[in-house]
Every structure is written in C-alpha cells, then in structure tokens.
Amino acid sequence: MGSSELKRSKDSVSSDESARRSSFPDEVLERVLSLLKPHRDRSSVSLVCKDWYNAERWSRTHVFIGNCYSVSPEIVARRFPRIRSVTLKGKPRFSDFNLVPENWGADIHSWLVVFAAKYPFLEELRLKRMAISDESLEFLAISFPNFKALSLLSCDGFSTNGLAAIATHCKNLTELDIQENGVYDKGGSWLSCFPESFTSLEVLNFANLTSDINFDALEKLVGRCKSMRVLKLNRSVSLEQLQRLLVNAPRLAELGTGSFSQELTIREYEELESTLSNCKIMHTLSGLWDAKGIYLPTLYPACSNLTFLNLSYAALQSVELAKLLAHCPRLKRLWVLDTVEDKGLEAVGLNCPLLEELRVFPADPFDDEIVHGVTEAGFLAVSFGCPRLHYVLYFCRQMTNAAVATIVQNCPDFTHFRLCIMNPGQPDYLTNEPMDEAFGAVVKTCTKLQRLSVSGLLTDLTFEYIGRYAKNLETLSVAFAGRSDWGMQCVLGGCPKLRKLEIRDCPFGNAALLSGLEKYESMRSLWMSACNVTMNGCRLLAREMPRLNVEVMKEDGSDDTQAYKVYVYRSIAGPRRDAPPSVLTL
C-alpha cells in the first residue's frame, strides 16, 4: 500500500472512529463518564473530542481546585454547570510554618457568592488553608438549602459562632469536619444549635476545639443521629462521658476519644471496657489525649479491626505502644510521637506486617536538649517487619546513608518518602559524609516515588540523582540543602512529572529560578524563601511567562533588591485583585 493510500485509509478509519464516538446518545455518554471518579481521568477524557468535552462538562458533579487563584469561580461555573461538590485549596503549604502573611488572601467569600448564584444545589464544600469568616459560614448555611457536608482543614478566620450558624440552618447536614483550624473558640454552646428534629449527621469532628463543650447537647445529638459513623471529640470530653456517647453510637467506624486520663472507679472502668468491646466495626482510632497506661487495656477489645491508629496526641512510651499494637493485627496506617523511641518502633516491625503508612512526629521539636526521640534504628526495624510500607514521614535526630539504603531495599515501593533530620545540615553521624547517597538510594530504588522531602547535609549530587532517576516525582520539598544553582537546575530539567517544588533556605538564585521557564506552566506551584533570588530575576520570569502569577512577599525592613519569599503558580484568571500591600504581583 502506497503512502497516499495509507493516509486515506487512516483518515477513513479516523473519520469512522469519530462517527462512532459521536453516535452515542448524550445521555449514555454522560452516564458512562459519570462513573469516572479521579479528576485527572475526567480531565483527560474531556480532551478526546468535542462531544466528550461537552459530555464530561455536563456530567461532572465534583471539582477539585488545587490553588484557589489558578482559576476564578466565574470560570469554574461556566465550565461546569452541575457541580454539587467542591474541594478547594488556598494558601501555600508554608503557611503552616507561619511563613505566609496572615492576611495573604484565599478568602472563600467571593466563591460562595458565585456558587449561590450558579450552584444553589451545592451539597459539599471541602476547604484547605482557606480564610473563612463567620459571615461566610452564615451565608453558606442560608444559601444552599440541600447542603450536606462541610470540611475545614487548616482554615482560619472563623469562630464557633460560624459553626452555630451551620448547625442552625443546615437541616440536611451529614458531615461537619473541623480539623487543625485557627478557630476562635467561644465555647461549646454551638452544639445546642442543632434542632431537636435534626437526625442526619454521620460525621462530626471537633477534635481541635479547646473549650469545654455542652455535653448534654452533644449526648442528645449523638443519640438522635443513628447513622453516626465518625465521631472525633476534643480533650474536654472525659472517659465517663465517652462511654455514654459510645452506648448511643454502635455504628462508629472512626472514633476520636477525648482525654484518656480521668480517674475511674472499677465499675466505670468495666463499663468503658464493655462498651468499647461492642465497637465491632471500628477501623480508625485517634485522640487519647494525656493517655494513662492504666486505661489503655480498655481499648484492646476494639483494636482487632483497626486499620488506622493515630497517636499523634498521645505521648505513649515504648512499652505502652507495644502492648497496644499486639492487639492491632490489621493495622495499615500508624501515626505516633517520637516518645515511643526506637523500642516502640521495633514493636511496630514485630506486630504490624500489613503496615503501609508510618508518621513519626516530634513531641517537642524545639527542645535541643531532648533525651527521647527516634533514630535510624527504629526506622530500620520498621522496614524489616513491614515490607508493604510505601508512605513515611519521619522526624529524627540522626540518620545514616547506609540505613536509608537498607530501608528502601526492604521497602522498594515507597510513593511518599519524607525524612526530616531535625538539625539542619547534619551529615551522616557515623561517617560525617553528606547524606547524598541516602537520597540517591531512595530515587534509584523507589521507581514509584511521587513525593520526596530531603534533609540533612546535602550537596548538588543529591539533586543530580533526583533529576536523573525520579521520573514519577510530583512533589519535592527541600530545606537547608544544595551548593549552587546547578542542583535546582537538575531537578527542573530532569523530573517530567514535577508539579510542586518547595524550597527554603537554599543557595539557589536567579539562574536556578529562570531555568524553569519551560517547566512552570505544567506545574501547580513553586515556592522559594530565604534563597538568593532577586527582584530583577522575578521580574524577568514574569515578563517571559505572562501566564504565570509571580508573587513576592516583602517583609518590613527587607532589602528591596532581594525577593525573600517567592510564590509562582499558573493561572487562567490572571493576577489576583485581593493581594495585600505586602504581596507584590509582578
């Protein structure tokens, strides 16, 4: 067959395929596409052809927006007319470390105004690092008559008065999830605002609120909501009160206890143990504030089906943890404080063969004289006993290259490897060598790696390894590392799937910043703080890449020539109009 005939044949096949694709009735195509859940898959499908684009547009009911300034609410509403659920992220992650000005932005209210006009049928709103006021919460509560689920994670600007408005007006609410927020806690009376006829709540999480709550109102609420499956309490709830709540919530799958240190009588102890033994379907346990070892055995009967144990608020010792883990044969996720020490992590390796995720947090990250903590020995013990481990966040005082190499050999399927050696710039404490070979081993061995956080004494060699081997890497976090611009250039030139790059206190300058000109539009964001970037470098980037928003956060008294904090992100909405004076958009 000649080339012209082959081309005509291919054109004919292509035309036939296009006709077949478009021959689907719209209702059928929309129904098929509605079965696709991952937002990336739906985005890919929308690019196939015009018919699929329209079908995906009309069939989508949920939208995920990773940066609230990457698009405007008006654009979202035009693109997707039938949205019922929105997940929206705001401030850069470094706001968690107080590196972003308090008034930086990410206010939800303008979004709510558009949603009220375009999506009166909105049912779910999940926000992370957004600013939301009591007025916005009240507007939300009265604007969406069928609203069902509100999740606020690391948000700020509101008080318990806003929660009272949600409780008062959202008659169909099934989920109220308040996590790690900067809430102005005015007391627990907001719980009494749920109407006496209200029975629909399935998820209630107020673990990070600090004040005493109206327990009578809480007990009545839990008693009315027979489908309650998630209940996470704050530390003001006592063990005796916990027992009374559990009697009325037999279907709990996730429990966050209050304080676990109340003095119990023998009878109260036995009642708590008996009630917990009836929690047959519970798979997630958290809370346990101020936990006393004497009461931990009451949990043993409820641990047999646990897959997630969050002890990040419980300063357990190694012996206490070992006894508890002996009753958790199905555990897949474990969060602990470093008070468990290496001995506690040895117990993890012995008792948790199905473990997939481990997070070890510092009990007191700012105490240099601290005597407890974890080292490479605990990490090694976990890797030997938990071959399915693929997600780790590990804060430690010391580490070695050899240990990390052995760990990734034992667990080669890491997708998330976040190692934080808490003393910046610390070398391998046995050889005094940089930690380059440790992270080289990670990226060479773990071919599925998506997220990496590096720490310790690192030269540019680490970043050469990352650029050469980390071909599936999406998020990289770097602090106090590198020697020259070459390190950052290796990453930007070598990681084709990179979406988020976070850098602080590194010697990377304008040459490094500008080496990403062809990369940034395919990324979600770049953060650089306390590096060697100048205002002129940022202006050049903004001039060369007009579709990027290049923001510089200035501090009082800072050098006008230096760009101390730089945030770069792609946007189809153009420069934002609500930036405070401390944020310059170039």
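The questions and answers below concern a predicted model.

User: How are helix α14 and helix α15 oriented relative to each other?
Analyst: Helix α14 covers residues 376–385 and helix α15 covers residues 401–410. Their axes come within 9 Å and cross at roughly 15 degrees. Angles under 35 degrees count as roughly parallel. The two helices, α14 and α15, are therefore roughly parallel to each other.

User: By class, which residues form the contact of α14 with α15?
Analyst: From α14, the contact is made by Glu376, Phe379, Leu380, Ser383 and Phe384. From α15, Ala403, Thr406, Ile407 and Asn410 take part. By class, this contact has 5 nonpolar, 3 polar and 1 charged residues.

User: How is α15 oriented relative to helix α16?
Analyst: Helix α16 spans residues 436–445, and its axis is 7 Å from that of α15. The two pack at an angle of about 10 degrees, and angles under 35 degrees count as roughly parallel. That angle makes α15, relative to α16, roughly parallel.

User: How do the residues of the contact of α15 with α16 divide by class?
Analyst: In α15, the residues Asn401, Val404, Ala405 and Val408 take part. They meet Asp436, Glu437, Ala438, Ala441, Val442 and Thr445 in α16. The residues of this contact divide into 6 nonpolar, 2 polar and 2 charged.

User: Which residue in β2 is the bridge partner of valine 63?
Analyst: Strand β1 (residues 62–65) and β2 pair in the parallel sense over 4 bridges. The bridge partner of valine 63 in β2 is valine 86.

User: Is serine 151 buried or exposed?
Analyst: Serine 151 lies in strand β4, residues 149–153. Leaving aside its neighbours within four places in sequence, serine 151 is in contact with Leu125, Arg126, Leu127, Glu175, Asp177 and Gln179. Buried means under 20% relative accessible area. At 10% relative accessibility, serine 151 therefore counts as buried.

User: What is the phi of serine 154?
Analyst: Serine 154 is found in the loop between β4 and β5. Although serine 154 is not a glycine, its phi is positive, at about 55 degrees.

User: Does alanine 530 count as buried or exposed?
Analyst: Alanine 530 lies in the loop between β20 and α20. Its phi is near 55 degrees, a positive value in a residue other than glycine. With a relative accessibility of 18%, alanine 530 counts as buried.

Definitions and conventions
Residues numbered from 1 in each chain as written. Predicted model: local features only at pLDDT ≥ 70, side-chain atom pairs only at ≥ 80, totals over all residues. Heavy atoms only, no water. Axes fitted to C-alpha atoms, helices over the stretch in contact; angles between N-to-C directions. Parallel < 35°, antiparallel > 145°, perpendicular 65-115°, else oblique. Contact = heavy atoms within 4.5 Å. Nonpolar A, V, L, I, M, F, W, Y, C, P; charged D, E, K, R; others polar. Pairing = 2+ DSSP bridges. Buried < 20%, exposed > 50% of the residue type's maximum accessible area, 1.4 Å probe, protein only.
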